[in-house]
Amino acid sequence: MTKRVEIAYLLKNDVKALLGTTITVKGWVRTKRGNKNVAFIAINDGSIIHNIQVVADPAKFEEELRRITTGACIGVEGKLVESQGSGQAVEIQAESMVIYGEADPDSYPLQKKGHSMEFLREIGHLRLRTNTFGAVMRMRHEMAYAIHTFFHERGFFYFHTPLITASDCEGAGEMFHVSTLDPENPPRDKDGKIDWEKDFFGKFTALTVSGQLEGELGATALGKIYTFGPTFRAENSNTPRHLAEFWMIEPEMAFYDLDSLTQLEEEFIKYLVRWALDRCYDDLEFLNKMIDHGLIERLKSVVDTDFVRLPYTEGIRILEEAVANGHKFEFPVSWGVDLASEHERFLVEHHFKKPVIMVDYPKEIKAFYMKQNDDCRTVQGTDVLFPQIGEIIGGSVREENYDKLLTRINELNIPMKDMWWYLDTRRYGSCPHAGFGLGFERLMLFVTGMANIRDVIPFPRTPGNANF
């Protein structure tokens, strides 16, 4: 066979110069149809949402066509010609075929019909071959590339923080333990507790819930850094917005204040959405048609609008006013509560009708490291709230004052053995700094229009599920 050409190249470029030449395509059969005079085979190789049509002579390829069914993997060599039908500019007139792998038509689960997302999760090893998941995974790649490009263009350094850690950044204790000790009979100290000094690292360790704390060390040395890697939360939650294993983007910037932080957050999100619209339009059109009819319009609205800056106290006033006017929330609203997704979405979708960056939260509902305001009640935290998603970014100015940070650590009874190195950054050349975290899968939910976070990652890890 001649050298393989990817289908994306044939369908996205001006290939007039190739018309009449012999080329080879390889991929998986989406459909086969025809009659005794002609057969049409739609092939997809994953490089693009669209298929290329192969036209074959049944008399010449009788044996091959008998074996080719939906899901089979084949290679076709033939002449590239202008398509005689609608829906595609070019097609291939088959001259030779190779069948790499057949697919049993009686058991192959991805026949040409609609499948529920729940069913596709059960066949996670095959669902990537569907149009929907092909589109999502191509967009996942593009969004990852856009993230690296955004930060690189602005002088950030990609900083690798550890996956195995002894510190719980969020303070929730929902961490996956990392240990080589015998779970049936671990060594114990004189008090009968597990003796972690006998473990591989000589102390209790777990999978990271965030790279932020270590990222701050990078920012206080390199100025501007970002992390982008997997994080883990042992939270027993089965909602459409939670995963036990997910990816986080966490930039940290020296000498940033609240205004420059929120400006970066807005610029970052708009850059990513614009990238999706510019680079992923074929996949977006498919998802807009099949998954979420308002997807493209919503993405364009984010790029074209200024985000609202909203103090938490003002947000609570708006929500309380809505309740007074008859709006029903499942969860109560009052100053000091951690807002639920329904509250966040009300502000974004109903009141302002645009993305909101909420700032100045009560310190009691936010992490210990957030910078305290002069009122001693609130901290310079910031959440970016989006339609359909709720919170998509969480960040803050970090507390750079040693005494204030130490007091807060003691108030929350955070073990000092885990915090000495973090406090050292406030003892030795402390500087104002800020950062945020963006859950990559939350971003993917927004840009793809998918409803469940388990459908924007190749292999979701959730309570009771670690398949494939």
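Lysine 353 lies in the loop between α10 (341-352) and β13 (356-362), where helices (H or I, at least four residues) and strands (E, at least two) are DSSP runs numbered from the N terminus. The structure is a predicted model, in which local features need pLDDT of at least 70 and side-chain atom pairs count only at pLDDT 80 or more, while totals for chains, interfaces and linings use all residues. Residues are numbered from 1 along each chain as its sequence is written, and side-chain values use heavy atoms, with hydrogens and water left out.

Lysine 353 is not a glycine, yet has a positive phi of about 60°. Most residues other than glycine have a negative phi. With 63% relative accessibility, lysine 353 counts as exposed; buried denotes under 20% relative accessible area, exposed over 50%, and partly exposed the range in between (1.4 Å probe, protein chains only). A positive phi, of about 70°, is also found at phenylalanine 255, again not a glycine. Phenylalanine 255 is located in the loop between β11 (245-254) and α6 (258-279) and is exposed, at 64% relative accessibility.

A search of the whole structure identifies 22 aromatic pairs. Rings of Phe, Tyr and Trp (its six-membered ring) pair if their centres lie within 6.5 Å, and planes under 30 degrees apart count as stacked, over 60 as edge-to-face and the rest as tilted. Phenylalanine 151 and tyrosine 226 form a stacked pair, with 4.5 Å centre to centre and 20° between the planes. This pair links distant parts of the chain, 75 residues apart: phenylalanine 151 belongs to helix α4 (residues 131-153) and tyrosine 226 to strand β10 (residues 224-232). Phenylalanine 151 is buried, with a relative accessible area of 0%, and tyrosine 226 is buried at 4%. Both residues belong to a cluster linked by ring pairs, whose members include Tyr145, Phe150, Trp275 and Phe436.

Arginine 279 lies over the face of tryptophan 275, at 3.9 Å from the ring centre. A charge sits over a ring if NZ of Lys or CZ of Arg is within 6 Å of the ring centre and within 35 degrees of the ring normal. Arginine 377 is likewise placed over the face of tryptophan 335, at 4.0 Å from the ring centre.

Leucine 163 is found in the loop between β6 (157-158) and β7 (164-165) and is partly exposed, with a relative accessible area of 39%.
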